[in-house]
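Subject: Handing over the structure

Hello,

Here is the structure I promised to pass on to you. Please have a look at it first, and then read on for what turned up.

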Amino acid sequence: FFSETLFTMSFSRIVSSAAWVPRGARAVTTLKETIAAQLPAKRDYIKMLQKEYGDVVLGEVTVDQCIGGARGVKCMLWETSLLDANEGIRFRGHTIPDLQKTLPSFTGPAGAGEPTPEGLIWLLLTGNVPTKEEEASLTAELHKNGDIPPEAEAVIRGLPHKTMHPMTQLKIGLLACQPESKFARAYQEGTRKTEYWDPVYDDIISVIAKLPKIASLVYRCTYHDGKIVEDRGSDFSGNFCRMLGYNDPSFDELMRLYMVIHSDHEGGNASAHATRLCGSTLSDPYLAYVGGLSALAGPLHGLANQEVLRWIQELQAKFKAEGRAVTAETITEFAWDTLKSGKIIPGYGHAVLRKTDPRYTCQREFGLKHMPDDELFKIVDTIYQVMPGILTEHGKTKNPYPNVDSHSGVLLWHYGFTQYDYYTVLFGVSRAMGALSQLFWDRALGLPLERPKSLTPEWIENFAKNTKK
């Protein structure tokens, strides 16, 4: 962790110096201008890393890691966030509590409300905390790019909404917008590699901006009357809520928090890695992020929060039918019955984390502030009080603490957002911010096609036998 912190600090110093503007020059105000000012120094920094440290060994790969999903293999450059097993996620060096204190809120001052996605996007792309004015300029840019082509809207409205999963609809909707890709056009026209960053920037902003409209069409057509009402006088999250059909300032705040904390979780998670892998082939950001959404749609990735909510509601129904109250004692008994039957406790454990997920903690704090008497919230809170001890005693879980999925479904349900199958779509709108911010820097820095070496089981066996001789 110490070496990774030094890396971030050194990199930040270079970037900060690159953004310096001489006296008398026009101040850098837009996001694109800020990034353009950083490019030369960032490119030089990556070249320096390879030149000075190219032969340094970062780690080793065991047979267990090779067969077991490459867990813990250090082989991916990812700028926007870093996950520490004992500390949790940092976005460009900032913890979630840091973001809540430093990023602009919708009402203006940092800390006056939840941080906005626009502020986070600026931070992920530049490493800088934006001013309220800079954040507002990005809000305007996202609104400007938020419309989708009429033919794409027609495709979405023509889908079999009652039989097709909302994530499938979301991917089809984004694919229908792909003809608008500026990068695909620029590549066909022979744009130089050093200039890829410009159309890629336009594309990632366009994809991020269009996803709420696509997602809202999917929601309104699948569950309601298909009508969309926008509010571009609000921010990214507020407008999204209006298009979904919600007009509650408290729900707007939840959406801001949800978008921020689900945006990025370093590069090894399936949706981020799939986006990055597809993009490394020079597929444009529209196509690349459809790859990421396909990974997110899997039960082992983006569907977890609805599974947790379903389990909690089944627990609630069982206790009511049996006339039992929800207490630490009854939850303990129910948990042991679940574990002894060979089932798992959903919402607990994480592939990397070895402590309570900070994304869980901030959602719990939101619940305590906005819905302390909600019945499902109180069940979740009671589970949190006893479950780590139970799982530790059980001894088969490396991390007995709650993850992000343990809470998000319950918060959405409180506001009447009860369509389980749609929850992953919200995740997909959010994850675009992190995955596409990194994809931008992949193209801006000229990073190559991903091509790890694969091995056959026979090769592994022969190599292991010879190594052990």
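Which residues of α14 are buried? They are Pro285, Tyr286, Ala288, Tyr289, Val290, Gly291, Gly292, Leu293 and Leu296, where buried means under 20% relative accessible area, exposed means over 50% and partly exposed is in between, with a 1.4 Å probe and protein chains only.

Before going further, a word on the model: it is predicted, local features need pLDDT of at least 70, side-chain atom pairs count only at pLDDT 80 or more, and totals for chains, interfaces and linings use all residues. Residues are numbered from 1 along each chain as its sequence is written, and side-chain values use heavy atoms, with hydrogens and water left out.

**Helix α14**

Helix α14 covers residues 285-296. Helices here are DSSP runs of H or I with at least four residues, strands are runs of E with at least two, and both are numbered from the N terminus. Because nine of the 12 residues of α14 are buried, the helix is largely enclosed by the rest of the structure. Its buried residues pack against α8 (166-177), α9 (182-188), α10, α13 (270-280) and α20 (423-444), contact meaning heavy atoms within 4.5 Å. The length of α14 agrees with expectation too: at 1.5 Å a residue it should span 16 Å, and its end C-alpha atoms are 16 Å apart. The expected span is 1.5 Å times one less than the number of residues.

**Around α13**

Arg276 sits in helix α13 and counts as buried, at 7% relative accessibility. Apart from neighbours within four places in sequence, Arg276 is in contact with Met76, Leu77, Trp78, Gln438, Asp442, Leu447 and Glu450. Its C-alpha atom is 32 Å from that of Tyr223, a residue 53 places away along the chain.

Most residues other than glycine have a negative phi. Glu266, in the loop between α12 (249-261) and α13, has a positive phi of about 50° although it is not a glycine. Leu282, in the loop between α13 and α14, has a positive phi of about 75° and is not a glycine either. Glu266 is partly exposed, with a relative accessible area of 22%, and Leu282 is partly exposed at 28%.

**Empty space**

Rolling a probe the size of a water molecule over the atoms shows where empty space is left. On a 1 Å grid over the protein atoms alone, a cavity is a set of points where a 1.4 Å probe fits but cannot get out; a pocket is an open set with protein on both sides within 12 Å along at least five of seven lines; and lining residues have an atom within 4 Å of a point. Grid points are joined across faces, edges and corners, and a volume is the space filled by probe spheres set on the points.

The second largest pocket has a volume of about 230 Å³. Of its 13 lining residues, Lys144, Asn145, Lys182, Asp202 and Ser206 lie nearest its centre. Helix α10 (197-223) gives the most to this lining, with six residues. By class, the lining has three nonpolar, two polar and eight charged residues. Here Ala, Val, Leu, Ile, Met, Phe, Trp, Tyr, Cys and Pro count as nonpolar, Asp, Glu, Lys and Arg as charged, and the others, Gly among them, as polar.

A search of the whole structure finds two cavities of 30 Å³ or more. The largest cavity holds about 90 Å³ of space, and Leu142, His143, Gly146, Ala209 and Asn239 lie nearest its centre among 13 lining residues. The second largest cavity holds about 40 Å³. Its lining divides into seven nonpolar residues, one polar and no charged, and α15 (304-322) gives the most to it, with three residues.

**Cysteines**

How many disulfides does the structure hold? It holds zero, a disulfide being a pair of cysteine sulfur atoms within 2.5 Å. The sulfur of Cys221 is 14 Å from the closest cysteine sulfur, in Cys177, too far for a bond. For Cys278 the closest cysteine sulfur is in Cys75, 16 Å away and again too far for a bond.

Best wishes
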